[in-house]
Amino acid sequence: MGTKGLLSSFVAAFATVNIYAFCIKRDITIKLPKEVPGAIAQNFRDIFAFSFSILFVAVIDVICRTCLAVPFANVISTLVSPLFAAADSYAGLALIWFMIPLFWFMGIHGPSVVKPALNAALFGNITTNLATLQAGGHPALALTENFGNYIGELGGTGATFIVPIIFLLFMRSKQLKAVGKASVVPVMFAVNEPLLFAAPIILNPYFLIPFLFAPVANVLIGKFFIDFLGMNGFIYAMPWALPGPIGTFIDTNFQPISLVLVVVLLVVDFLIYYPFCKAYDNVLCKQEAETLAEEEAEETKAVKTAAAPAVEAPVVETASATEASAAPSALKGKDLRVLVLCAGAGTSALLANALKEGADELGIDITANAGAYGSHYAIMDQYNVIVLAPQVRTYYNEMKADTDRLGITLLSPKGKQYIDLTKDPKGAVAWIEENLEA
């Protein structure tokens with residue numbers, strides 16, 4: 001039941017559901033008369049499927065104990081332990097935290113692609129490190145879940161903790177300063193989608209190099225601190241959204257040297273990101289200057305037009321902005337239940353909260369909740385609208401079949417649009433209304 005059995009549990013789960021499907025499709029079951037209550041009859045229908053599943057894993061377990069002298073729960077971790085040892089090397093760590101942001105840069109949620117195959121090591125090494133520390137030794141395994149969260153992904157994928165601060169303090173463009181202001185707090189808690197899609201960093205060639213190599217630099221420096229400076233490897237499984245500097249300090253058993261590591265990482269990340277941020281800032285400043293010049297020209301033209309003799313025109317009464325926002329909405333009186341999904345229920349909470357705030361301002365009854373993709377299956381039928389955040393848009397076609405079957409409206413805004421909606425509560429409600437009408 002420990003972490004080393006994770007991969008073997010995947011095998012057991014795969015075998016169980018396929019054996020069950022095999023029995024159901026071929027009607028290998030025990031049928032009882034229709035007078036027997038359904039709950040009781042179902043137990044008998046499942047007997048063969050359950051029995052074959054247990055027999056299957058039992059046979060495997062006997063074979064493993066006979067041939068390899070280890071139980072089935074440990075055989076896979078035993079066989080792949082050389083791979084995990086290689087992954088804990090400098091080259092292995094660099095490759096892992098190069099691939100994660102590479103997938104993200106292309107719009108694919110990197111941790112969901114790279115980490116599943118490493119879960120046994122990421123969590124198993126935590127147990128090993130803790131046991132080593134309790135025995136009086138030095139926990140030296142770097143490849144752990146929170147080492148990735150707090151070191152390789154400091155501030156979120158791409159090690160972006162320092163980037164909003166760079167935008168706020170050192171950039172001149174209005175766009176980057178606005179993005180820095182909006183994203184600095186979420187990024188501290190590793191929710192960096194407002195930064196990734198609003199700057200944007202994703203698919204932006206100016207940020208490709210720092211986005212890929214800042215995490216690599218971080219993990220290599222972190223492993224150096226563990227190997228040569230006596231810092232502990234991470235010993236606890238803690239929430240990924242804990243701010244990286246705090247998480248690092250706690251997870252190394254409150255070692256002061258971990259705070260030194262955090263300072264070094266922030267300095268290194270600053271040096272990596274700053275030149276590219278500055279280059280992008282120069283481009284935006286030029287674009288903003290051109291836009292301002294065009295607006296001034298339009299304003300001058302409008303002033304000249306207004307100075308010409310005016311032709312009296314009929315007065316048309318128009319509603320004020322306040323009256324327009326208070327206009328009756330088609331959503332009033334409707335039972336609207338919205339579920340917003342992202343990878344970890346962090347980014348989705350931003351839009352869910354915006355919808356709640358907008359509904360309160362407009363006097364509309366909307367239930368809006370946030371969730372993580374993958375944990376939604378048991379609750380999705382309780383909602384009539386589901387919104388996929390940009391990081392899980394790749395699952396749109398897969399999910400569309402389920403939502404169509406249940407009569408649920410499925411929506412998926414793009415990156416910048418999603419971020420704009422999270423900052424505009426009334427606009428978020430209007431966007432939902434427009435899509436429902438369409």
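Asn 253 counts as partly exposed, at 33% relative accessibility, where partly exposed lies between buried, under 20% relative accessible area, and exposed, over 50%, with a 1.4 Å probe and protein chains only. The model is a predicted one, in which local features need pLDDT of at least 70 and side-chain atom pairs count only at pLDDT 80 or more, while totals for chains, interfaces and linings use all residues. Residues are numbered from 1 along each chain as its sequence is written, and side-chain values use heavy atoms, with hydrogens and water left out.

Asn 253 sits in the loop between α13 (244-251) and α14, and its phi is near 65°, a positive value in a residue other than glycine. Ala 190, in the loop between α10 (174-188) and α11, likewise has phi near 65°, positive although the residue is not glycine; Ala 190, however, is buried, with a relative accessible area of 17%. A further backbone feature is the cis peptide bond from Ala 199 to Pro 200, with omega near -15°, and Pro 200 belongs to the loop between α11 (193-198) and α12 (208-228).

Of its 438 residues, 42% are buried. Among contacts (heavy atoms within 4.5 Å) between residues at least 6 apart in sequence, 71% join residues at least 24 apart. The accessible surface comes to about 22400 Å², of which 66% belongs to carbon and sulfur atoms, as computed by the Shrake-Rupley method with a 1.4 Å probe.

Helix α14 (residues 256-307) contains Ser 258, which is buried, with a relative accessible area of 0%. Not counting residues up to four places away in sequence, Ser 258 touches Met 231, Thr 248, Phe 249 and Thr 252; the C-alpha atoms of Ser 258 and Met 231 are separated by 6.8 Å, although the two residues are 27 apart along the chain.

Leaving aside neighbours within four places in sequence, Leu 355 is in contact with Val 338, Val 340, Ala 368, Ala 428, Val 429 and Ile 432.

The largest pocket has a volume of about 660 Å³; a pocket is an open set of points on a 1 Å grid over the protein atoms alone, where a 1.4 Å probe fits, with protein on both sides within 12 Å along at least five of seven lines, and lining residues have an atom within 4 Å of a point. Of the 28 residues that line this pocket, His 109, Pro 111, Trp 240, Ala 343 and Gly 344 are the closest to its centre. Helices α6 (110-114), α7 (119-134) and α8 (145-152) are the elements that give two or more residues to the lining. As for α8, 8 of its 8 residues are buried, so this helix is largely enclosed by the rest of the structure; among them are Glu 145, Asn 146 and Phe 147.

Notes
Points joined across faces, edges and corners; volume = space filled by probe spheres on them. Helix = DSSP H or I, 4+ residues; strand = E, 2+ residues; numbered from the N terminus.
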